[in-house]
Amino acid sequence: MSAPGAYLPDGLPAPRPEPDGLSAPYWAGLARNELWVQRCAHCGHWQWGPEYLCFRCHRFDVGWERVEPTGRIFSWERPWHPVNPALNGHGPYLVVLVELPGAGGIRIVGNLLGDPMQPVRIGAEVDGVFEHHRHQAGDYALLQWKVRG
Amino acid sequence: MERTLRGKVAVAGIGETAYYKHGRSPEPEFKLALRAIVAACADAGISPHDIDGFSSYSNDRCDPSRLSAALGLRELRYTGMQWGGGGGGVAAAVGNAAAAIAAGLADCVVVLRALAQGQFDRFGRGPKVDTVSGEFALTWPYGLMSPAQRFAMKVMRFMHEHGGGADAQRAIALASYHHAQANPRAVMHGRPLDAATYDASRWIVEPFRLYDCCMENDGAAAVVLVSAQRARDLPHRPCYLLGAASGSNHRSGAWSHNAPDYASASFGPVAPRLWQMARLEPGDVDVLQSYENFTGGVMLGVVEHGFCEPGEVDAFFALENLLAPGGRLPLNTSGGNLAECYMHGLELVLEAVRQIRGTSTSQVAGADVSMVIGGPMTTPVSSLILGSQETL
């Protein structure tokens, strides 16, 4: 079940960490209202999505670092056609690709909260909003975005 | 020794089944594949017993051992599957087959693709699952699930960086539908499209309207490749492979839309290798088939192959430039994925061969250099160039 006020309807696939835990620090962080992404403990390079090794220095014990959930819109789209039964009859919504200047410019996908027909400006500053969901397979949180100001 | 495929391998035959709307094939996928292969062999004047290899892409389900048994091949020598989904690998499948022939691994390799979606799932719908892990856990819960949604984000960024693009997308769609009206094989034959209808069509995901998105279809297509030497004794005007290249840019597959060269079809490092092998440049191309998963992808792929600057797409893709016979660069002359058939782009290779033979329903007079750009943004991507005897 979604929390009251979730951006999209119930029934979209619920995220689960892989059995080997590759992305577990990310999902555990979101559940605590924190954003954690990979940063190599050896060479300091940021990388996203999560991977088993650092693509720059090839060390396997890539670290994680907490970053502020603030960024700017790098690109966006407004889906209209429902691609999942949960979206039938829902109408348009906004998906944004957010660049995190505080984390080496890595990018994260989320929804842009507010009116789905609002004009969207690439480069606009956005702040993260943690959206908590209950689910039979395990509760989880998503990271959504709202335009600053 | 120069390492190249240029002029070493030729297309001996092409074949396809009737093309159907998705789910409408009266026959199963494997039978469609057999029909296309037998037709391509008949076109080549070669017995199916002489095939000794199969090459495909996009995880084609037609197992080469079963194909080999069904067709009674004397022996099977080369089997190759190009990694990657969609049509990104269509030109690579031809290149891989040609490489096998040029290297002496096989003599007669069939490139094939078959689709019967009544038997299997649609591509354009999001998957119906309760939970998701890995790459897609970072996008699906936000309602970013389909190929259209995955690529709209790139095209939106391209439009932001360079300006324009909406007019180019419209012209690309109109060109495909225009050419399909001359092509009786085309699923959209007899269903013309005009600009007003395009403009009034619904959004699938901004910036893609309905007509910016490919069809999904049933059918099969096959191409028979042999050595250049052998092709000279076969019935058709020889059609040689001048170049093939595939791959993708640095970290193009980074999850959650983290490709560094983001607003791109990922042909950045691929296209220069294609031109180098073919010893040609964009101005030499007489006719282009460019895979339309989405019209915006055509725009990106054509830009990255150097046909025009990214800031001038709306002028370059003016409709009159794209139409056979007289356009500056006739595009998708069979109707392509939008209006002939979504055979994951192999129908584009067949059409490129027809242009060299002079048998297209929208023929470009005297076409000697005929190019195919495979599925843009669907990495690894690939492209190829075919040429007549005069280009060798």
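Predicted model: local features only at pLDDT ≥ 70, side-chain atom pairs only at ≥ 80, totals over all residues.
Most residues other than glycine have a negative phi, and most peptide bonds are trans; the exceptions described below are grouped by chain, and the contact between the chains follows.

**Backbone of chain A**

- The peptide bond that leads from A:Trp48 to A:Gly49 is cis, with omega near 0°, and A:Gly49 lies in the loop that connects strand S3 (46-47) with strand S4 (62-67) of chain A.
- A:His58 counts as exposed because it has 10 C-beta neighbours inside 10 Å, where the cut-off for an exposed residue is 12 or fewer.

**Backbone of chain B**

- The peptide bond from B:Ala324 to B:Pro325 is cis, again with omega near 0°, and B:Pro325 belongs to the loop between helix H11 (319-322) and helix H12 (336-340) of chain B.
- B:Asn332, which is likewise found in the loop between H11 and H12 of chain B, has a positive phi of about 50° although it is not a glycine.
- B:Asn332 has 31 C-beta neighbours inside 10 Å and therefore counts as buried, given that a residue is buried at 20 or more such neighbours.

**Contact between chains A and B**

- The contact draws 36 residues from chain A and 37 residues from chain B.
- On the side of chain A that touches chain B, at least two residues each are supplied by strand S1 (14-15), strand S5 (70-79), strand S6 (95-100) and strand S7 (106-111) of chain A.
- The residues on that side of chain A divide into 24 nonpolar, seven polar and five charged.

**Strand pairing across the contact**

- S1 of chain A, one of the strands that supply the side of chain A touching chain B, is joined by two bridges to strand S6 (residues 131-132) of chain B, and these two strands run parallel.
- Within this pairing, A:Ala14 has B:Thr131 in S6 of chain B as its bridge partner.

Key: Residues numbered from 1 in each chain as written. Chains lettered and ligands numbered in written order. Helix = DSSP H or I, 4+ residues; strand = E, 2+ residues; numbered from the N terminus. Contact = placed C-beta atoms within 7 Å. Nonpolar A, V, L, I, M, F, W, Y, C, P; charged D, E, K, R; others polar. Pairing = 2+ DSSP bridges.
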